[in-house]
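Colleague: Hello! Could you walk me through this model, one step at a time?

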Amino acid sequence: MSIVFDVRAGDPARAATPLLVVALPSEPSTPRALAALDKRYGGALSRAIRRKDFQGGKDESLLLFSPDGGPERVLLVGTGSGDTVKGLTRAATLAGRKANGLGVGKLAFWAADLTDAALEGAVIGLSLGAWEFKELHTPVPAAKRRKPLTAVSLYVPNVRAAGHALTAGVAVAEGQRITRRLAMLPGNICTPEYLGRAARDIGKRHRLTVKVMGRRDMQRLKMGSFLAVAQATTQDPKLIVMEYKGGRRGEAPVALVGKGLCFDTGGVSLKPGPGMELMKFDMGGAAGVLGAMEAIARMKLRINVVGLIGSTTNVIGSQAVKPGDVVRASNGKTIEIQNTDAEGRLVLADVLHYAKRYKPQAVIDAATLTGACVIALGNVTVGVMGNDQATIDEALAAGRRGGELGWQLPMFEEYKELIKSDVADMRNIGGRGAGTITAALFLAEFAEGMNWVHLDVAGTAYSESDLVVMPKGPTGTPVRTFVEFVRGRAR
Ligand code: BES
Ligand code: MN
Ligand code: ZN
């Protein structure tokens with residue numbers, strides 16, 4: 001369920017709310033603006049600070065109950081000592097999650113000097129902190145149900161001036177909610193067709209042009225690489241195109257491309273059993289494109305953007321592609337498929353080539369592409385590569401602004417040896433080493449002539465453990481990188 005946000009001014013001591021969240025930095029003192037609140041709480045705030053029960057550290061929180069009147073509860077959350085926007089966003093996320101746990105239903109939020117960037121971060125944090133995935137559980141009886149967070153009111157210095165940041169924050173949060181939900185849905189529900197419908201839904205709400213193509217269309221487009229991955233599944237593979245026209249007519253768009261493997265068994269090069277269920281997340285890049293399109297349309301950014309998704313499932317069957325098979329991609333190049341589990345690059349090859357018809361000013365793809373990326377960078381950092389340093393730097397900066405850290409890996413010519421084939425123009429795997437780089441070098445063959453950046457989100461699109469501020473599962477990465485990149489280029 002979405003949350004309704006608004007902004008207000010005034011003294012939080014007078015707020016009639018079941019929960020007032022107060023965000024404070026490391027080694028806080030009681031802010032002047034909260035003097036009345038402190039008094040109402042019998043001095044509990046200043047005492048908690050003085051006695052160091054609450055020190056404002058990262059992920060620190062303390063819940064206080066009103067002795068009488070005013071906000072029923074105050075939740076102190078620490079923003080730590082680093083970057084204020086980042087700290088505040090995280091504190092808000094923690095607050096959103098705690099509010100959901102308390103079942104208060106609504107809350108008010110106070111932090112000192114909420115700048116636009118901080119307000120946006122707080123909104124995103126609160127919304128995503130409260131995010132959970134319950135739709136496949138049998139509903140809890142109404143009497144036992146704790147109320148989900150549905151309404152948030154933030155104290156700002158200037159209500160009129162806050163509208164823009166509020167809209168932006170809600171836009172990004174709603175986008176990420178779509179991304180997380182789609183990623184969490186299992187492969188039997190979230191099929192390529194389902195992703196196509198999700199794209200149409202977004203398109204209808206925001207007047208985007210959406211086209212969902214199937215196997216027949218791909219045959220016509222000679223997408224032999226994509227089709228090889230899809231040849232054993234009975235589900236129709238989908239090539240999804242979403243056009244957002246916020247810019248001038250005829251202006252070159254930014255293209256966002258996503259890997260949409262609704263499930264990846266590995267195919268004939270079958271994956272091991274344990275943990276294979278996680279491969280429902282192999283459409284995280286595609287879900288990121290959908291979420292970003294939602295956010296960009298809500299923000300009404302003045303730029304043209306085209307979202308492109310290649311979606312199928314990688315399964316086994318008598319029709320399945322086999323190691324050694326050679327296929328021809330839509331750009332005419334031949335590929336020896338030595339490992340059917342390196343399927344993401346086969347799908348993206350044809351989708352990237354398709355992007356060329358838009359003559360995009362830049363292309364960014366996101367893909368849960370390689371296990372090697374998880375080994376190299378863990379679950380913290382997005383692997384970033386590309387064919388144009390300026391565009392790569394732009395994507396890295398966008399990720400920093402959005403709190404999705406990326407790190408560049410080299411694309412040295414020397415690595416290209418590794419994807420040579422004896423029988424075709426290239427093969428779809430490298431050797432044992434540098435798996436993330438060889439995957440990107442493979443993609444580069446299909447991004448020729450475009451300014452292209454590749455985000456390997458295999459380690460960052462979902463989490464296998466609870467992350468304090470979010471449950472196990474999809475993180476919403478790379479939505480914020482996409483949005484910040486596009487925002488940075490909008491008029
Ligand atoms: N979807 C996987 C990559 C992946 C692995 C994502 C773990 C998230 C977590 C991809 O299709 C894949 O299987 N890649 C292979 C490539 C190899 C065969 C060259 C891999 O990483 O093992
Ligand atoms: Mn695979
Ligand atoms: Zn995969």
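Predicted model: local features only at pLDDT ≥ 70, side-chain atom pairs only at ≥ 80, totals over all residues.

Colleague: Which protein residues are donors of the zinc ion (ligand 3)?

Modeller: Look for protein atoms lying 2.0 to 2.4 Å from the zinc ion (ligand 3). In sequence their residues are spaced K-x4-D-x17-D-x60-E. The donors are Lys259 (NZ), Asp264 (OD), Asp282 (OD) and Glu343 (OE).

Colleague: Is the site of the zinc ion (ligand 3) octahedral or irregular?

Modeller: Ideal angles for six octahedral donors are 90 or 180 degrees. Around the zinc ion (ligand 3) there are six donor atoms, with angles of 78 to 172 degrees among them. The site is octahedral.

Colleague: Where in the chain do Lys259 and Asp282 lie?

Modeller: The donor residues of the zinc ion (ligand 3) are spaced K-x4-D-x17-D-x60-E in sequence. Lys259 and Asp282 link distant parts of the chain, 23 residues apart. Lys259 is in strand β9 (residues 254-264), and Asp282 is in the loop between β9 and α9 (284-299).

Colleague: Are Lys259 and Asp282 buried or exposed?

Modeller: Buried means under 20% relative accessible area. Lys259 has 1%, and Asp282 has 2%. Lys259 is therefore buried, and Asp282 also counts as buried.

Colleague: Which protein atoms are donors of the manganese ion (ligand 2)?

Modeller: The residues here follow the spacing D-x76-D-x1-E in sequence. Their donor atoms lie 2.1 to 2.2 Å from the manganese ion (ligand 2). They are Asp264 (OD), Asp341 (O), Asp341 (OD) and Glu343 (OE).

Colleague: Is the site of the manganese ion (ligand 2) octahedral or irregular?

Modeller: To count as octahedral, six donors need opposite pairs over 155 degrees apart and all other angles between 65 and 115. The manganese ion (ligand 2) has six donor atoms, with angles of 71 to 167 degrees among them. Its site is irregular.

Colleague: Which residue bridges the manganese ion (ligand 2) and the zinc ion (ligand 3)?

Modeller: The two ions are 3.1 Å apart. One residue coordinates both of them. That bridge is Asp264.

Colleague: Are Asp341 and Glu343 buried or partly exposed?

Modeller: The cut-off for buried is under 20% relative accessible area. Glu343, at 1%, is therefore buried. At 21%, Asp341 is partly exposed.

Colleague: Now the largest pocket: which element gives the largest share of its lining?

Modeller: The volume of this pocket is about 1200 Å³. Of its 44 lining residues, Lys86, Arg90, Gly402, Gly403 and Glu404 are the closest to its centre. Elements that each supply at least two lining residues include α3 (84-102), α4 (116-129) and α5 (163-184). The largest share, seven residues, comes from α3.

Colleague: How many residues in the lining of the largest pocket are charged?

Modeller: At least three lining residues come from each of domain 1 (4-158) and domain 2 (171-489). By class, the lining has twelve nonpolar and 19 polar residues. The charged ones number 13.

Colleague: And which element gives the most to the lining of the largest cavity?

Modeller: About 40 Å³ of space lies in this cavity, and its lining residues include Val382, Ala395, Leu396 and Glu404. Two or more of the lining residues come from each of β14 (382-386) and α12. By class, the lining has six nonpolar, three polar and one charged residues. With three residues, the element giving the most is α12.

Technical notes:
Residues numbered from 1 in each chain as written. Chains lettered and ligands numbered in written order. Heavy atoms only, no water. 1 Å grid on protein atoms, 1.4 Å probe; cavity = no way out; pocket = protein on both sides within 12 Å on 5 of 7 lines; lining within 4 Å. Points joined across faces, edges and corners; volume = space filled by probe spheres on them. Helix = DSSP H or I, 4+ residues; strand = E, 2+ residues; numbered from the N terminus. Nonpolar A, V, L, I, M, F, W, Y, C, P; charged D, E, K, R; others polar. Domains from an automatic or database assignment. Donors = N, O, S within 2.8 Å, 3.2 Å for Na, K, Ca; no water. Tetrahedral: all angles 85-135°; square planar, octahedral: opposite > 155°, others 65-115°. Buried < 20%, exposed > 50% of the residue type's maximum accessible area, 1.4 Å probe, protein only.
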